[in-house]
Amino acid sequence: INGSGRDFGPDLSKVGARLTKPQIMESLLTPSKVIAQGFQSVVVTLNDGGAHSGFIIKSDDDTLALKIATGQTLPLKKQDVKSEQALPISLMPDGLLQSLTAQEASDVVEFLASLK
């Protein structure tokens with residue numbers, strides 16, 4: 001939000017302009033129901049048996065850039081990639097609101113909805 005936090009996922013600086021309060025709540029409760037364009041999770045398997053998950057931020061004939069959960073960009077050579085598998089789930093974890101009271105969850109939604 002506004003340049004702070006980990007760079008992993010859609011920028012939330014103007015989320016209130018894109019989503020209604022019910023949509024924000026739904027995205028927090030069921031993050032895999034609607035995944036923002038460009039943030040489809042993938043598992044990239046390498047020829048050496050290694051694997052990485054994240055979302056692809058760049059792909060051309062020679063390279064693939066994968067944004068991983070640390071917020072870092074992992075550059076990979078296409079010749080080292082065995083496969084790319086899109087996943088039907090969001091990289092945003094389920095249960096983000098579990099440890100919050102109803103009032104705290106409401107406050108989070110209100111705050112996000114105010115970001116326009």
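This is a predicted model: local features need pLDDT of at least 70, side-chain atom pairs count only at pLDDT 80 or more; totals for chains, interfaces and linings use all residues.

Reader: How many bridges join strand 1 to strand 2?

Author: Two strands pair if DSSP finds at least two bridges between them; strands (E, at least two residues) and helices (H or I, at least four) are DSSP runs numbered from the N terminus. Here strand 1 (residues 42-46) and strand 2 (residues 51-59) run antiparallel, joined by 4 bridges, and valine 43 stands opposite serine 53. The two strands form a hairpin with 4 residues between them, and in its turn glycine 49 has a positive phi of about 95°.

Reader: Which residue stands opposite phenylalanine 55 in strand 3?

Author: That residue is lysine 67. Strand 3 (residues 63-67) is antiparallel to strand 2, with 4 bridges, and a hairpin of 3 residues connects the two.

Reader: Which residues make up the largest nonpolar core?

Author: In soluble globular proteins, nonpolar side chains tend to be buried together. A nonpolar core is a set of buried (under 20% relative accessible area, 1.4 Å probe, protein chains only) Ala, Val, Leu, Ile, Met, Phe, Trp, Tyr and Cys residues joined through side-chain atoms within 4.5 Å. The largest has 9 residues: Val15, Ile24, Leu28, Leu97, Ala105, Val109, Leu112, Ala113 and Leu115. Helix 3 (102-114) and helix 2 (21-29) each give two or more residues to this core, and helix 3 gives the most, with 4. A second, separate core of 8 residues includes Leu64, Leu66, Ile68 and Val81.

Notes
Residues are numbered from 1 along each chain as its sequence is written. Side-chain values use heavy atoms; hydrogens and water are left out. Buried means under 20% relative accessible area, exposed over 50%, partly exposed in between (1.4 Å probe, protein chains only).
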